[in-house]
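Subject: Structure handover

Hello,

Here is the structure I promised to pass on. Please open it first, then read my notes below.

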Amino acid sequence: MTKLPIAVVGAGLIGKTHIDRALKDSSVDLIAIADPTPAAAALARSIGVPYFRDYRTLLGEAKPKGVVVATPNAAHAQITVECLERGAAVLVE
C-alpha cells in the first residue's frame with residue numbers, strides 16, 4: 001500500500017492533534033511540518049519530521065499530496081489557495 005504524503009501547516013494545539021493522528025495512521029506519511037515557532041521546530045525534531053518555518057518553502061520542497069491547515073483563521077484562505085494551486089488536497093481546521 002502506498003502511503004499518502006501529507007504535511008501539517010500550524011503546529012499549535014489542533015495541529016499537534018493532526019500530527020499525532022498522522023503518525024498513528026499506517027496509510028499516511030507525515031512528510032513535513034510548517035510553523036514559525038521554536039516549539040514547532042522542537043516537535044518536528046523530536047519525531048524526525050522535516051521542519052519548515054514557512055509553508056511556501058514546505059510546498060516547494062516537500063511537495064505534499066495533502067495538507068492540513070491548522071493555522072489561525074485569518075491565514076486559512078491564503079494558505080489553502082496556495083496549496084490547491086500546487087495540486088495538494090487541503091483539510092482546513
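**Charges**

The protein carries 10 positive and 9 negative side chains, and the centres of the two sets are 4 Å apart. Lys and Arg count as positive, Asp and Glu as negative; His and the chain ends are not counted. Each charge is placed at NZ of Lys, CZ of Arg, CG of Asp or CD of Glu.

**Ground rules**

This is a predicted model: local features need pLDDT of at least 70, side-chain atom pairs count only at pLDDT 80 or more, and totals for chains, interfaces and linings use all residues. Residues are numbered from 1 along each chain as its sequence is written, and side-chain values use heavy atoms, with hydrogens and water left out.

**Overall build**

The protein has 4 helices and 5 strands. These are DSSP runs, numbered from the N terminus: helices are H or I with at least four residues, strands are E with at least two. From the N terminus the order is β-α-β-α-β-α-β-α-β. The radius of gyration is 12 Å, close to the 12 Å that the globule rule gives for 93 residues, so the protein is as compact as a globular protein of that length. That radius is taken over C-alpha atoms, and the rule is 2.2 Å times the number of residues to the power 0.38. The C-alpha trace spans about 30 × 30 × 20 Å along its principal axes.

Of the 93 residues, 41% count as buried. Buried means under 20% relative accessible area, exposed over 50%, and partly exposed in between (1.4 Å probe, protein chains only). The protein exposes about 5,300 Å², and carbon and sulfur atoms supply 58% of that area. Areas come from the Shrake-Rupley method with a 1.4 Å probe; for residues, only the protein chains shown count as cover.

Contacts here mean heavy atoms within 4.5 Å. Among those between residues at least 6 apart in sequence, 49% join residues at least 24 apart.

**Cores**

A nonpolar core is a set of buried Ala, Val, Leu, Ile, Met, Phe, Trp, Tyr and Cys residues joined through side-chain atoms within 4.5 Å. The largest has 14 residues, and Leu58 and Val67 have the most contacts inside it. At least two residues of this core come from each of β1 (4–9), β2 (28–34), α3, β4 and α4 (76–85). Another core, of 12 residues, lies apart from it and includes Val8, Ala11, Ile33 and Val49.

Beyond four places in sequence, Val67 touches Ala7, Val9, Leu59, Cys83, Ala88, Ala89, Val90 and Leu91.

**Residues to look at**

His18 sits in helix α1 (residues 13–24). His18 is buried, at 18% relative accessible area. Leaving out residues up to four places away, His18 touches Val8, Val68, Leu91 and Glu93.

Glu93 belongs to the segment after β5 (89–92). Glu93 is partly exposed, at 43%.

Lys3 lies in the segment before β1. Lys3 is partly exposed, at 44%. The C-alpha atoms of Lys3 and Ser27 are 4.7 Å apart, though the two are 24 residues apart along the chain.

Lys63 is in the loop between α3 (55–62) and β4 (66–69). Its phi is near 50 degrees, a positive value in a residue other than glycine. Lys63 counts as exposed, at 57% relative accessibility.

Best wishes
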